Amino acid sequence: MSRLKDKTAIVTGANSGIGLATAKAFLDEGAARVYLTGRRKAELDAAVSALGSRAVAVQGDVTNPADLDRLVDLVKTEVGHVDVVFANAGFAKPAPLGNLTEQHVDDLLNTNVKGVIWTVQKTLPLIRSGGSIILRGSIVGSKGFNGWSIYSATKAAVRSFARTWASDLKGQNIRVNVVSPGVIETPGHDKMGISKDEVSGFFGFAASVAPLARIGRDDEVARVAAFLASDDSSFVTGSEYFVDGGIAQI
């Protein structure tokens with residue numbers, strides 16, 4: 001397919017999981033070049049090697065503005081513009097009220113909120129008219145699961161960004177949308193600080209309440225992101241797309 005023919009995209013947090021699946025989907029849809037960012041160089045290099053010559057690795061951390069400046073400078077030098085920015089980098093970690101620590105709060109806010117802000121603001125000058133900014137939210141942004149207050153708050157902020165930034169950019173022909181997945185099996189679950197049994201139980205619970213009685217897949221989220229990156233979605237901005245148990249809906 002060629003819905004993204006000649007387009008240049010940036011995908012943050014693209015070492016694995018949803019970010020990597022989305023980078024692949026963009027390339028499959030004909031994107032001319034996709035810049036992948038991530039903190040772990042070995043995984044990032046492996047991802048780019050698997051994706052081919054139109055994928056470019058840029059090691060960096062979205063919480064570090066200097067790393068984002070390097071990314072922007074590279075894209076500006078090599079291509080001069082961006083058509084799609086998928087602000088995907090983020091992580092989840094539970095902690096109940098009463099056991100919250102300053103580090104827990106700061107880590108989640110720095111990556112999931114400030115990282116999204118700086119990713120979008122620093123790449124904005126390169127985004128061409130007709131461009132697409134896609135943010136990765138989560139269904140927890142509008143849920144009330146115990147133990148997830150700070151993570152949920154970060155994703156509620158991302159949901160708000162999609163609506164307010166769409167208004168900010170309405171005169172520039174740049175649209176902003178948010179994809180809010182349900183539970184998706186990705187390597188990130190291994191880094192949440194909970195046991196494998198707890199992860200398995202969480203997956204089982206999520207599947208039991210999902211429409212298709214299963215959890216989602218990263219490629220399903222990627223297909224929604226690819227639609228939002230394409231000109232087919234030029235009529236929609238400020239919207240939230242849910243992907244839960246294989247079903248996508250606004």
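**Aromatic pairs**

I looked for aromatic pairs in this predicted model, counting rings whose centres lie within 6.5 Å. The count came to three. I then looked up F161 and W165, which form a stacked pair. Their ring centres are 4.5 Å apart, with 5° between the planes. Where do F161 and W165 lie? I found both in helix α5, residues 149-168. They sit four residues apart, about one turn of the helix. Buried or exposed? I noted both F161 and W165 as buried.

**Helix α4**

Next I checked the length of helix α4, which runs over residues 102-123. At 1.5 Å a residue, its 22 residues should span 32 Å. I found its end C-alpha atoms 30 Å apart, which agrees. Where does α4 bend? I found a bend of about 35° at K114.

Then I looked up which residues of α4 are buried. Among them are H104, L108 and T111. What covers them? I wrote down strands β1 (8-11), β4 (82-87) and β5 (127-136). The cover also includes helices α3 (65-78) and α5. So far as F161 and W165 go, α5 is the helix that holds their pair.

**Cavity**

Last, I searched for cavities of 30 Å³ or more and found one. The largest cavity has a volume of about 50 Å³. Its lining includes T37, G60, D61 and V62. I also listed V58, Q59, D67, L68 and L71 there. Which element gives the most to this lining? I found that α3 does, with three residues. Strand β3 (55-59) and α3 each supply at least two.

Key. Residues numbered from 1 in each chain as written. Predicted model: local features only at pLDDT ≥ 70, side-chain atom pairs only at ≥ 80, totals over all residues. Heavy atoms only, no water. Phe/Tyr/Trp six-rings, centres within 6.5 Å; stacked < 30°, edge-to-face > 60°. Buried < 20%, exposed > 50% of the residue type's maximum accessible area, 1.4 Å probe, protein only. Expected span 1.5 Å × (residues − 1). Bend = angle between axes of the 7 residues up to and from the residue. Contact = heavy atoms within 4.5 Å. 1 Å grid on protein atoms, 1.4 Å probe; cavity = no way out; pocket = protein on both sides within 12 Å on 5 of 7 lines; lining within 4 Å. Points joined across faces, edges and corners; volume = space filled by probe spheres on them.
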